[in-house]
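Hello,

Here is the structure you will be taking over. Please open it first, then read the notes below it.

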Amino acid sequence: MKDKLVYQCTNCKAIHLRWAGKCSSCESWNTLVPVYHKEVVREPKKSLNENPLLQNLEEISISEHFRIPSTIFEVDRVLGGGFVPSSVVLIAGEPGIGKSTLILQLLHKIDEKVIYISGEESPEQVKLRSKRLGLHPTNIFVASETNIDYISAIIENEDARIIAIDSIQTVYAEEINSPAGSIIQLRETTQQLLRLAKRNNKILILIGHVNKEGNIAGPKALEHIVDAVLVLEGDKISNLRILRALKNRFGSTQEIGLLEMTESGLVEMLDTSKIFIQHLTTETSGIVFTPVVEGGRCFIMEIQSLVSGTSYNFPQRNINGYDFKRLQMILAVLDKKMGLNFKQSDVFVNLTGGISIYDTGVDFAIAGSLVSSFYDLPIPKNVILIGEIGLAGEIRNVPFLEKRIIEAEKLGFTKAFIPKTGISHIEKNHQIKLILAERINEVFKNIFG
């Protein structure tokens, strides 16, 4: 009976007599591995009197210096102020986007002993990259290791509070009969690292790759385990990099960090206008400006559109940096409410800077850009459009309207079309002329005549 083959879940340690794709206990997929009954790993039971089970939330004390700042403001902005002790942070992104460069720069700026565990590079290669970036880190200790047992020993025995592992896809556990990077290996090794971080009050930074679909390789097997998931986005042919939080237990997921890739590594973008605005001093058809709010920051973005006759039976629809289905909705509203026939035209829309925007407040600007290109008439360069478009062609109010207006004033815009329903939320007197917009056909008739 002791040699009977059973199946144990690597996630919750539940025992199953037969293999199944899904664990009936924790409902995790592909976590059952074959083990002999005598080899079953069981969690030791704790004594009921070993530790207090309950703590009064009001009596729990938090240090004033609870967070450890990375000293890179754009990273701290996304994290919510810095790294939290006993936490695990996953930084994901496409290969070559700059994840390892960012981690090395982060560790270099932290004024204490840190450990960099690389499963993809040798210590000599890490040294070469450090030298190329112009870094002379005396606080970074490097190890080239992929075995979870050795990595666990480093975490428990060394006195460094911050440990980076590059990448989690290379880490493996010998007792699991599965290759490194598989779902079972990723789950088991990450959960073991999480337990080590909580038990030893360490901060673990994990680097993870994304697959062809843009999801964190696993797929999504790690997001529910770690405390924060940061994604480094950007086009490899562009210098702009966007750090975005998909999950953050200790801060907002609405913030983004803007970084620029240079010969000396990633640097913070302090002036966003030079990234997103290219034609501020000229008037060109299809070019419209609008303020965008992402998290706590507001910046002016340039919208470019090109509407041209199609040579195909099915006209092309292409948009970079915004939701494709929302573009289809805007085209349908313009067709229905303004009689613009886009059925015989190819439509291309681009949000400059290579950043993906989820702010529906750019609807109005995209519509204006499309109408401008359709008629081949420019919108005056001093005009800015703010608002969301409804299915009835109405201009709807957007959050942080006054914040957007203030940002437009800073860059010298003199006229702003804003939702009529949003005027009640404006508390200050502004130098910029505010024109109330209710329906798109009335607005564009006012602009183009």
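**Helices α4 and α5**

I148, D149, I151, S152, I155 and E156 in α4 meet T189, Q192, L193, L196, R199 and N200 in α5. Contact here means heavy atoms within 4.5 Å. By class, the residues of this contact are five nonpolar, four polar and three charged. Ala, Val, Leu, Ile, Met, Phe, Trp, Tyr, Cys and Pro count as nonpolar; Asp, Glu, Lys and Arg count as charged; the others, Gly among them, count as polar.

A word on the source. This is a predicted model, with residues numbered from 1 along each chain as its sequence is written. Local features need pLDDT of at least 70, side-chain atom pairs count only at pLDDT 80 or more, totals for chains, interfaces and linings use all residues, and side-chain values use heavy atoms, with hydrogens and water left out.

Helices (H or I, at least four residues) and strands (E, at least two) are DSSP runs, numbered from the N terminus. Helix α4 covers residues 148-157 and helix α5 residues 183-200. They pack at an angle of about 10°, with their axes 10 Å apart. Axes are lines fitted to C-alpha atoms, for helices over the stretch in contact, and angles run from 0 to 180 degrees between N-to-C directions. α4 and α5 are therefore roughly parallel to each other (under 35 degrees; over 145 is roughly antiparallel, 65 to 115 roughly perpendicular, the rest oblique).

Helix α2 (residues 99-109) is mostly covered. Helix α3 spans residues 123-132. α2 and α3 pack at about 75°, with axes 11 Å apart. They are therefore roughly perpendicular to each other. S100, T101 and L104 in α2 meet V126, R129 and S130 in α3. That contact has two nonpolar, three polar and one charged residues.

**The sheet**

Four strands form an open sheet with mixed pairing, in the order β13-β14-β16-β15. Two strands pair if DSSP finds at least two bridges between them. β13 (287-294) and β15 (317-320) stand at the edges with a single partner strand each, so one side of each has no neighbour in the sheet.

Strands β14 (residues 297-309) and β16 (residues 345-351) run antiparallel, joined by seven bridges. Q304 stands opposite N350 in β16. Helix α8 (residues 363-375) packs on the sheet and touches β13, β14, β15 and β16.

Best wishes

Technical notes
Buried < 20%, exposed > 50% of the residue type's maximum accessible area, 1.4 Å probe, protein only.
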